[in-house]
Amino acid sequence: MAAATHAFLGPNKAYKFIQDDASEEAALVCSCYRLLEQLELRDSVGQLLYETTRAHQEALHSGTSTLVFLAGVWSRVALDCLHKGISVPHIIAGMSKGLDLCVEACLRNAVTVEEVACKGALLKQPNGGDCMKAEDGLPPELSLTKGGKESSHNPIQMTNNLDSIKETLPTKHRIKLKHSRHYTSSCNEAEGTQSAESLCQMSSKTFNIVQLAEAVSHGCESSMNLVVEASRIQSRHGKHEDQSQVLDVDRLVTCPLPGLSEEHSCVLHGYVLLLCVEQAALIKHLKERTLKISLMNGDLSENYRHVGFKRPKNITYVSDCSTLTGVSREQEWMDGALGKLLKLRIDVLLVSGVVTAQLKDHCLIHNILVIERVKANILKDFATTTGAIPISYITQLSERCVGSGVCVNVLREYRKGKSENILLNIIASGTSLVTAVIASSVHAKLQSLVDQFWSCAYRLHHALKDGKLLPGAGAAELLCIHQLYKCVGMSQSTIAGQGEAARAPAPYETTILQLMADSWMDYISTLMVNAGQVVAKVQAWTCIAQHLKDFESRSSLKNEMPETLLKKYFYTKALQGEKESEGDRMVEREREMVRVYDNVTVKSEAWRRALDLVFLVLQTDTEIIVGINEQDSQHRDVMFL
């Protein structure tokens, strides 16, 4: 099952068709979560995998491909350990230690978002990759001020040139006597590094979100462009201290727009939604007016009750008085609800649930705009900006619950097939609510584009929230391999020096760690194949092994921290490329690798969820086959499901 999702790993994701043999319907998917959602998973392991993936997707909106891939390869590690005769407790202990080593190594090499933004700005300049920091091998940090110009056509493409950056530098940073006999090249390099570092420290709090967005775009430039534009709109209309680092995902909405090409995708201020053409006349009546609004949680129907409601006990209904008059209870409730809305002169009604069809028709006749299935964060924003108080029942509606200051306007009308629709924008004064209109002429591709947008938005959101990022493009996993090999080497040397007595504390640990290192090799090789860097996994394994071999030879000559040197080697390789063989085009392509970063929280959570899933299946199978001795002390705290 995990092998079927390997094409989703990396920036160049492949689309897959899922066809139902019974109904002959098909779905187009481009993520692990959507793939598992479309499959009929009848076995328990498949359902556990889907529930784990869904929980991760709903919480973090990114990293499901890594989760499913690692769940597959680590399951194979556990199976190989069982074939070698290693017991389940030893497997769990060894793999848990291996993951802890990997997470610790990655966290030590995490970089701050200010550093990422500074490096991204420097790499935009000519010869930006020639000057390397002595500490980690990355280019000197140079952050942009708020006054830097940005491209109006492409939000991610920066137009700051070298001259404009030089103007921001003090004179002492710009004047260098490179050819004087009193200044050696080492002094010049040290001075340049110190000046860049000091400038980055002075302006680290003023970095622009554009460079950070490019670092975590992961090949989705068009979607990340929309996210950056949404951040700009929120900055203009929000009340934040630092307007250059604003992205509130709670005030971000998507509106799928089928029929139009992807070039029509855009970001607009306000709440944008698609309505049927029957409501066009109503919109014309409400246009260019300041409207009153009411907000409702739940369904707007007679039989709706809020969550946790309990009917009174020991009460028997003998008859309904409404039946004596010939008017049903539902009709009586609907008349009362409509009377409330007309009495308070409500123009717009936002409901988080559904509204009865008959009440909707009556509201349309009386020029009341009713919007169903509105998300909770949208209701909260309108409540904050208009002063409306959300209610659960229409009987609670009163003058103090009504908000004001809402305007509606039609953005465009278009026809798709036999149906006609209008694109409506509802906006309140002072709101920072932003809607991303996602358009596509291929209806089956629309959901994938919406998921792609949310992935980009949450990657940028988590980067700002965590304040740190991990090196991407396989660098973090390369650190994991090195750390596991280092631990294996230390264990083997300890066993060789102490004999059989050294095997007791951690039996089979070297075997488990070696298998985990091989699983990371499989991950990186799959990533390289999907990215088009190599043709086959064998070539990728050879490349990775050469990277590690070169690192070991370099580390034996220099007294540096292993993780720091490995990161330096990786980034130096990425910057240098093969300049002599393929020229400047190869260098530009390799420089793009440097700006790839991953979220700390997303990656670590995906790793831990994958390993927890493997442990759950492993322990469950063991308990089913072997059983549990309740008298055994190690099983006293086991929770039975």
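Mentor: Let's start with a definition: a polar contact is a pair of N or O atoms within 3.5 Å, where within protein one must be able to donate a hydrogen and the other to accept it, and residues adjacent in sequence count only if both atoms are side-chain atoms.

Trainee: Okay, so which side chains does a polar contact of 2.8 Å join?

Mentor: Those of E509 and K97. Keep in mind that this is a predicted model, where local features need pLDDT of at least 70 and side-chain atom pairs count only at pLDDT 80 or more, while totals for chains, interfaces and linings use all residues. Residues are numbered from 1 along each chain as its sequence is written, and side-chain values use heavy atoms, leaving out hydrogens and water.

Trainee: Where does E509 sit, and is E509 buried or exposed?

Mentor: E509 belongs to helix α18. With a relative accessible area of 11%, E509 is buried (under 20%; exposed is over 50%, partly exposed in between; 1.4 Å probe, protein chains only).

Trainee: How many helices and strands are there?

Mentor: The protein has 23 helices and 14 strands, taken as DSSP runs (H or I, at least four residues, for helices; E, at least two, for strands) numbered from the N terminus. Of its 641 residues, 47% count as buried.

Trainee: Which residues have the most contacts inside the largest nonpolar core?

Mentor: L70, W74, M95, L484, W520, I544 and W607, in a core of 66 residues. Such a core is a set of buried Ala, Val, Leu, Ile, Met, Phe, Trp, Tyr and Cys residues joined through side-chain atoms within 4.5 Å.

Trainee: And which helices supply at least two residues each?

Mentor: α1 (32-38), α2 (44-60), α3 (64-83), α4 (88-108), α17 (475-498), α18 (509-531), α19 (537-555) and α23 (600-625). The largest share, eleven residues, comes from α18. Apart from this core lies another, of 35 residues, among them C220, L247, L449 and A463.

Trainee: Back to L484: what does L484 touch?

Mentor: Leaving out residues up to four places away in sequence, L484 touches G98, L101, C102, L513, M516, A517 and W520, with contact meaning heavy atoms within 4.5 Å. G98, L101 and C102 are among the buried residues of α4, which also include V88, I91 and M95.

Trainee: Switching to strands: in what order do β3, β13 and β14 form their open sheet?

Mentor: The order is β3-β13-β14, with antiparallel pairing; two strands pair if DSSP finds at least two bridges between them. Two bridges join β3 (residues 111-112) to β13 (residues 468-471), where V111 stands opposite L469. Three bridges join β13 to β14 (residues 597-599), and there L470 stands opposite D598.

Trainee: Why is one side of β3 and of β14 left without a neighbour in the sheet?

Mentor: Because β3 and β14 stand at the edges, each with a single partner strand.
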